[in-house]
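Subject: Structure handover

Hi,

Here is the structure I promised you. Please open it alongside this email; my notes follow below.

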Amino acid sequence: MPNSTRLYKGSEASRLPVEAQGGSSSQVRGSPASCIRGGDDWVGEGRFAWRPSRFLVAILALLGALAAFSALQSDLPATMAWPLAGAALAYGSWLAWVEFRRPGFELVVTGNDSIRIDGRPVETFRLVWRGPLGFMSWRQSEGRMQRRLWLPDTLPAPTRRELRLALMRAEPAREAGSVAP
């Protein structure tokens, strides 16, 4: 599936058209997302639980350690290299700690075509896919832009597919003359 970008503003984000692929009515189990599908209509809601990625926390800590090592291995004088290495290690550790302590939330795509995060409606919503990574940003009523990253350890492949289907939007052909007359 190609990389996709979705941007919804204002009332469009709260009245988001949702399309689900057909199949028999069933409750999807075994994943943090749950939805009920039947035929071509969305008859339930998709719930997707976000939590901080342990993989991202480890990568941030590792990058801080590698930055400290790089500062020590550079041609800087020791009086500059050691403080720079300490600052790099402290900053990498702080970034990892902030990411680890970030509170989880629940993204809900409801049957009445709206997106809610922790029960509150979303004004602007954007989801960009880069392979298995999902970059999500949104703005709620307080006006502050928030961003989260879905990594494979927080969103397994079946749940990732459910999220893509829940947010899928029918897009018309770009040009009226796309078919020969």
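Strand 9 and strand 10 (residues 133-139) pair in the antiparallel sense, over 7 bridges. Keep in mind that this is a predicted model. The two strands make a hairpin, with 2 residues between them. Glycine 131 sits in that turn and has a positive phi of about 65°. Across the pairing, phenylalanine 125 stands opposite tryptophan 138 of strand 10. Strand 9 (residues 124-130) is mostly covered, with 5 of its 7 residues buried.

Strand 7 (residues 115-117) pairs with strand 8 over 2 bridges, in the antiparallel sense. There, isoleucine 117 has arginine 120 in strand 8 as its bridge partner.

Now the core. As a general point, nonpolar side chains tend to be buried together in soluble globular proteins. Here the largest nonpolar core has 18 residues. Leu107, Phe125, Leu127, Met136, Trp150 and Leu163 touch the most other members. Strand 5, strand 6, strand 7, strand 9, strand 10 and helix 4 each supply at least two residues of this core. What does leucine 107 touch, leaving out residues up to four places away in sequence? Its contacts are Gly46, Arg47, Phe48, Ile115, Arg116, Ile117, Phe125, Met136, Trp150 and Leu163.

Last, the aromatics. The count comes to 3 aromatic pairs. Is tryptophan 94 buried, exposed or partly exposed? Tryptophan 94 is partly exposed, with a relative accessible area of 46%. Elsewhere, ring pairs link Trp50, Phe105 and Trp138 into a cluster.

Two arginines also lie over ring faces. Arginine 148 is over the face of tryptophan 50, at 5.5 Å from the ring centre. Arginine 164 is over the face of tryptophan 129, at 4.3 Å from the ring centre.

Best wishes

Definitions and conventions: Residues numbered from 1 in each chain as written. Predicted model: local features only at pLDDT ≥ 70, side-chain atom pairs only at ≥ 80, totals over all residues. Heavy atoms only, no water. Buried < 20%, exposed > 50% of the residue type's maximum accessible area, 1.4 Å probe, protein only. Helix = DSSP H or I, 4+ residues; strand = E, 2+ residues; numbered from the N terminus. Pairing = 2+ DSSP bridges. Core = buried A, V, L, I, M, F, W, Y, C linked by side-chain atoms within 4.5 Å. Contact = heavy atoms within 4.5 Å. Phe/Tyr/Trp six-rings, centres within 6.5 Å; stacked < 30°, edge-to-face > 60°. Lys NZ or Arg CZ within 6 Å of the ring centre and 35° of its normal.
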